[in-house]
Amino acid sequence: MNKATASSAEMGVSPALHMKNSVLVGGGTYGCGTFGECLFYQLPHSNITFTCGIKAFYHESFEEGRNFVPDYWIDAEDPVSVVEQCIAQ
């Protein structure tokens, strides 16, 4: 996970916080996990565009603007190879 993990992806991370033997690696999530499935809209006359979430999520330990933090922070260009090296040891 990393700062690109947001909205509905954060709601995928949240159950792992309570699962036995789960390990979260990467960086902190984005911290906006209340809404997901964002749709793109364009107003017909002004051509103003915007996105809007159409699904709301609720997780009692989640606070909007506060991200989930991994068990092991990996700040690397290629975090997958860092995990592979750790597993190989």
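## Residue classes and the largest pocket

In sorting residues by class, Ala, Val, Leu, Ile, Met, Phe, Trp, Tyr, Cys and Pro count as nonpolar, Asp, Glu, Lys and Arg count as charged, and the others, Gly among them, count as polar. On that basis, the lining of the largest pocket in this predicted model is made up of seven nonpolar, four polar and two charged residues.

The volume of the largest pocket is about 240 Å³. Its lining comprises 13 residues, of which Met-1, Asn-2, Gly-26, Gly-27 and Ile-74 are the closest to the centre, while the elements that contribute two or more residues to this lining are β1 (25-26) and α2 (79-88).

## The aromatic pair

The count of aromatic pairs comes to one. In that pair the ring centres of Tyr-41 and Phe-50 are 5.4 Å apart and the ring planes meet at 25°, so the pair is stacked, given that planes under 30 degrees apart count as stacked.

Tyr-41 has a relative accessible area of 34% and is partly exposed; Phe-50, with a relative accessibility of 36%, also counts as partly exposed.

Gly-53 belongs to strand β3, which covers residues 49-56, and its relative accessibility of 28% places Gly-53 in the partly exposed class.

When residues up to four places away in sequence are left aside, Gly-53 touches Phe-35, Gly-36, Glu-37 and Cys-38. The C-alpha atom of Gly-53 is separated by 14 Å from that of Met-11, a residue 42 residues apart from Gly-53 along the chain.

Key:
Residues numbered from 1 in each chain as written. Predicted model: local features only at pLDDT ≥ 70, side-chain atom pairs only at ≥ 80, totals over all residues. Heavy atoms only, no water. 1 Å grid on protein atoms, 1.4 Å probe; cavity = no way out; pocket = protein on both sides within 12 Å on 5 of 7 lines; lining within 4 Å. Points joined across faces, edges and corners; volume = space filled by probe spheres on them. Helix = DSSP H or I, 4+ residues; strand = E, 2+ residues; numbered from the N terminus. Phe/Tyr/Trp six-rings, centres within 6.5 Å; stacked < 30°, edge-to-face > 60°. Buried < 20%, exposed > 50% of the residue type's maximum accessible area, 1.4 Å probe, protein only. Contact = heavy atoms within 4.5 Å.
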